[in-house]
Amino acid sequence: LRIHTGEYPFQCHLCAAAFTENSKLVAHLRTHTGERPYSCAHCNASFSVSGALKTHMRTHTGERPFSCDHCDASFLQKTHLITHMRTHTGERPLSCDHCNASFAQKAHLISHMRIHTGERPFSCDQCNKSFSQKPHLINHMRTHTGERPFSCDHCDASFLQKTHLITHMRTHTGERPFSCDHCDASFLQKPHLITHMRTHTGEHPLS
């Protein structure tokens, strides 16, 4: 009933948090004390609340109880299913305060916000470069290690990034997905189409 009355009688003495039930206050206090009394029997993981342990156990059992009604996807947590459903509905409820961009996932909004703030929290320990997204750092690190994990099945070529492999594969398949609206020309890569379009528009960007 306190959910309806707005009453929160159980207050944390260490911060401003308040709760409708004492059990929720007890669980919250563990965020201050660091206590994690719920331990996994299969690995070293431990948790502050029993529900988190229950969810974790699914990584061992393989249980994925939350299934999508529109495709074969299934998930460990209900929140993951809710996020996935947005790929079907097109819902993008998380909006940027600085522009018109909107996103289905909070992580994508956080990453986008760095465009506005200039934050680049992922730093290379080999040079002075830093990046707004972790995948960009991972790709960059390969320039130091020499790793080229994306290999062509048809020749000896290998690449730093998957997108480079996809582009390369078109040299084998003959696919030319970027087509000109004004003539029959088509291209392997979008930059090649952009350059070609200038023959129609007369644009000379370097002049």
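Reader: Which residues does UniProt list for "domain: C2H2-type"?

Author: Happy to start there, and do keep in mind that this is a predicted model. The listing comes from an unreviewed UniProt entry. In that entry, "domain: C2H2-type" covers residues 10–37, 38–65, 66–93, 94–121, 122–149, 150–177 and 178–205.

Reader: How far apart are the end C-alpha atoms of residues 66–93?

Author: Let's look at the make-up of that span too. Residues 66–93 are 43% helix and 14% strand. From one end C-alpha atom to the other, the separation is 21 Å.

Reader: Which strands do the buried residues of H2 pack against?

Author: Helix H2 runs over residues 22–33 and reaches 17 Å from its first C-alpha to its last, close to the 16 Å expected. Its buried residues are Leu 25, Ala 27, His 28 and Arg 30. The strands that the buried residues of H2 pack against are S1 (10–11), S2 (18–19) and S3 (38–39).

Reader: What residue follows H2, with a positive phi?

Author: Good spot to look at! The phi here is near 80 degrees. The residue following H2 is Gly 34.

Reader: Which residue takes a positive phi just after H8?

Author: Helix H8 has 12 residues, 190–201, and reaches 16 Å from its first C-alpha to its last. Just after H8, the phi is about 80 degrees, and the residue is Gly 202.

Reader: Why is Cys 96 in no disulfide?

Author: A search of the whole structure finds zero disulfides. For Cys 96, the nearest cysteine sulfur belongs to Cys 99. A disulfide needs the two sulfur atoms within 2.5 Å, so Cys 96 is in none, because that nearest sulfur is 3.7 Å away.

Reader: Is Cys 127 buried or partly exposed?

Author: Cys 127 is in no disulfide either, with the sulfur of Cys 124 being 3.7 Å away. Buried would need a relative accessible area under 20%. Cys 127 has 28%, so this residue is partly exposed.

Reader: Which residue forms a salt bridge with Glu 35?

Author: Side chains of opposite charge can pair when their charged atoms come close. Glu 35 is partly exposed, at 43% relative accessibility. The closest N and O atoms of the pair are 3.9 Å apart, and the partner is Arg 30.

Reader: What is the relative accessible area of Arg 58?

Author: Arg 58 meets Glu 63 in a salt bridge, at 3.8 Å from N to O. Glu 63 is partly exposed, with a relative accessible area of 41%. Arg 58 is buried, and its relative accessible area is 11%.

Key:
Residues are numbered from 1 along each chain as its sequence is written. This is a predicted model: local features need pLDDT of at least 70, side-chain atom pairs count only at pLDDT 80 or more; totals for chains, interfaces and linings use all residues. Side-chain values use heavy atoms; hydrogens and water are left out. UniProt positions are given in the numbering used here, feature names are shortened, and annotations may be inferred rather than shown by experiment. Helices (H or I, at least four residues) and strands (E, at least two) are DSSP runs, numbered from the N terminus. The expected span of a helix is 1.5 Å times one less than its number of residues. Buried means under 20% relative accessible area, exposed over 50%, partly exposed in between (1.4 Å probe, protein chains only). Contact means heavy atoms within 4.5 Å. A salt bridge is a side-chain nitrogen of Lys or Arg within 4 Å of a carboxyl oxygen of Asp or Glu.
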